[in-house]
Structure formats: structure tokens, C-alpha cells
Amino acid sequence: MERPTSEIAGERASAYEAAGTKLPAEPARGAPHVDPDSDGEAMLPAERLLDIVPTRAPKRWKPRRVLVTPAALRWPLARRVVERAAAMGAEVTELPANRLTGLRGATDRETYALAKSTLAVVEAPPSKRRLQPIPPSADWRVDLAEGCPAHCQYCYLAGSLTGPPVTRVYANLPEILDGLAAYGPGGPHEPATRRREGEGITFEASCYTDPLALEELTGSLAETIAFFGAWDADVGLRWTTKFDALGPLLDVDHRRRTRIRFSVNARDVTSRLEGGTAALPERLGALRAAARAGYRVGLTIAPIFPIPEWREGYGELLRDAAAALAGVPDVDLTVELITHRFTAGSRDVLLSWYPRTKVEMDPGQRTVKRTKFGSVKYVLPREVMTELRTWFEVAVDRELPGARVLYWT
Ligand code: SF4
């Protein structure tokens, strides 16, 4: 059941009254773009709406310990990370060799806790700097880091990365960035077709990490965004995040060649399953800040779960996102829709990390999907998928009429 418009308007009215703010005219629901007949922000309530949501300081990750390899220490970025982490109180260990050691505790539980509080600073080897295609998100995957300090109970990294879930950042960023030209326009690996029409050749930086979670320590994103800003070619950088500390990124000369997407979900999911991330209102506040700074923006709605009353939950999310963008001029917004899935391997890993998880991972309740490489994924049952997809197509169009849906999967 959709919530009636009058009910939502009533809530907004109460919020404004509580904040001592005069209620403006009800905005066009869900319009993320500026009203062409208005001068923008003056008539639109979203900024004040967000102002009255209790705001917290941006989510910061403070590693307890930092391991740095000798090879990494040759790079300024490694020294920067070490200094910043030490200033936050982390214990820094310079390893004697380029192999990471000391990652395991006595039990699986201890290993998980140790790894999630550890930051390793390493060099990306040449094999990691050979880019791979990453459908359906982008033409190429570029890794600035691997692993993530947050604790999402469905984390997709569980099926992708092996070993203790330690976060590694790559110190040799200049080498990583220098290598990108070969994959761009005129380069020997230039793709024959572009996956993202209108954005040139795209490079996805959040396949194996949440890069914003690490930015305060590394500064890697700021450098990469500036690199793309200065790369005078038909190229685009894209990354998605569940964090909100945009800080210095707002001033980077990005030339609109970066799309910042926020990974969002129904509030029930974000508050119950996404430990260690920024709360949903803060992510939406960051979405607004990014759009106001001229970035292309996006919503990665993932993973979509058929939770009880999912229409209400996801409907509220879409309306909140629309409110967050209301009045921002020239918004370029995309939406990616990704349903929940798991593999036998990711299920085992997640159950070892989160033994009491409420995330349903019962193969018997799922449809089996075989990838072209022969591996098996458990996706939502066909009829549930159809119901969700049909609803999302209509709801996104209604609430975010200026948005482009990139894909459903
Ligand atoms: S933020 Fe993303 S990468 Fe990090 S734990 Fe959550 S799902 Fe995994």
C-alpha cells in the first residue's frame, strides 16, 4: 500500500512546525530537478527539511592498527596514511617484508574483529593494475583499495575477496592513475563500445571497497577525481558509498567527470543490517551536497529485499531522495537497482561473520541463476522479482522523474 500524499504532507508540516519554520507550499513530489519557473532553492523545502533531521558528524573510521609494507613506504601516500592514522591513535607496524602477516586471531570471530579494525598499506601489484571490465556498472574496474571497514550483514565482498576481511589501501596511486590512459580513448585497450552512454569510457572505483570510508586517511579519491577532472577526454569516474564524509571532495576540480552514487536502502535495512556506515539521512544529506557541488550523482538501491511492507519502505526512500535533491539546479541523477542474491561461498562467509544474522539466505527459497562462467547465484524467486521490478519502474518514474534508471538486476 502506498502511503497517501496527505499523510506525508502532514508529517512534513509537523516537522516544520517543530522546527519553528513556516510551512512552504507543498513541493512537486519527487521532482529532483529545479522547477523551471522558479529561482530554485528559495521556494523549496528540502534543505530545511534536511536541516531539521538530527544531523551527526560525518561517519569516520579509525583503524586500531596499521600495517605498512616496505614497498608501500616508498610512496608519499603511505607516509600520509601512517601519519594520519597515528594521529588518530592507531598502532602502526612497519612490516619487515611485503607480505601481510598477523591477520588471524585464535577464532574466526577474533580474526574478523582484528581484520575489520586493521588497515594495511600495500603496493598494488601489476596484476591488480590490469583493468577488468565490470558489467553492468562500468567499462572498467579500477581499484584504489580492497576491503571495507563497515559491517553490512549481506556484504557482497564476502563472495569476492578471500582471507580475513582486512582493508588494504594502495600506496602507488600515481602508478594506478598513469595506467588508465591505456584503457581510455585512443589507448590500446579502448573498449569498442561504451557501457554508459553520455559519460564516455567509465571507470568504477568501488567494486572491492567503499572508497569514501577511507578517504580521510588516504586522500586517494580527491587525487583520482582531480585526475579525471584534468583528463580532457570522454571519460568518467564513478564510485558508490554508504559514507557521508565528502569534506574536501566538494572543492575538487572534478569538471563533472565523476559520478558519486550513494548506496541506499529502505530505512529498516540501513538501520538494522548496515553496521558502521553513515545513517540514511546523512547519506542523503551528502547526496545533496555532492549535487550542489556540481557532481553527477546516483542512487545505488541495493540490495533490494522483499521486507515486510517493502512498498512503504522503498517508497519513503525514493521520496526522501527526491526531497534531498529538490531545488538543486542541473541535477544529473541515475538509479541502479540491485536485488539481493548470494552464492554458496558468500553465504558460508557471511554466516561465519554474522552467525545471528536475520538476512534470509535459504537456497530453498530462491531461484537458481547460472552465470555465463557456470557459477551459481541464488536470487529472489521469479514472481517476487517481477513484483518488485514492476513496482520500482513505476515508483522511480513517479518520485524521481528526472532520473535515469541504468539497470535492474
Ligand atoms: S559498505 Fe559495502 S563494502 Fe562495506 S561492508 Fe557494507 S556492503 Fe560491504
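**Notebook: sheet, core and ligand shell**

I began at one pair of residues: threonine 202 stands opposite glycine 236 in E10. I looked up their strands next: E9 (residues 201–204) and E10 (residues 235–241) pair in the parallel sense over 4 bridges. Here strands pair if DSSP finds at least two bridges between them; helices (H or I, at least four residues) and strands (E, at least two) are DSSP runs, numbered from the N terminus.

I note that the model is predicted, that local features need pLDDT of at least 70 and side-chain atom pairs pLDDT 80 or more, and that totals for chains, interfaces and linings use all residues. Residues are numbered from 1 along each chain as its sequence is written.

**Sheet**

I traced an open sheet of 8 strands in the order E4-E5-E9-E10-E11-E13-E14-E18, with mixed pairing. Its edge strands, E4 (132–134) and E18 (404–408), each pair on one side only. The twist averages 30 degrees from one strand to the next. Helix H13 (residues 382–399) packs on the sheet, touching E13 (296–304), E14 (333–339) and E18, and its direction makes about 170 degrees with that of E14. Axes are lines fitted to C-alpha atoms, for helices over the stretch in contact, and angles run from 0 to 180 degrees between N-to-C directions. Contact means C-beta atoms, placed from the backbone, within 7 Å.

**Core**

I found 101 residues in the largest nonpolar core, where Val121, Leu287, Ala321 and Leu325 have the most contacts. Helix H11 (residues 310–325) gives the largest share of this core, 8 residues. Such a core is a set of buried Ala, Val, Leu, Ile, Met, Phe, Trp, Tyr and Cys residues joined through C-beta atoms within 7 Å. A residue is buried with 20 or more other C-beta atoms within 10 Å of its own, exposed with 12 or fewer, and partly exposed in between, C-beta atoms being placed from the backbone.

**Ligand**

I listed the residues around the ligand (C-beta atom, placed from the backbone, within 6 Å): Cys148, Ala150, Cys152, Cys155, Tyr156, Leu157, Asp210, Lys242 and Thr277.

**Backbone**

I checked the peptide bonds: proline 135 and proline 136 are joined in cis, with omega about 0 degrees, and proline 136 sits in the loop between E4 and E5 (138–141). The bond from alanine 302 to proline 303 is also cis, with omega near -15 degrees.

Arginine 256, not a glycine, has a positive phi of about 60 degrees; arginine 256 is partly exposed, with 14 other C-beta atoms within 10 Å.

Definitions and conventions:
Contact = placed C-beta atoms within 7 Å.
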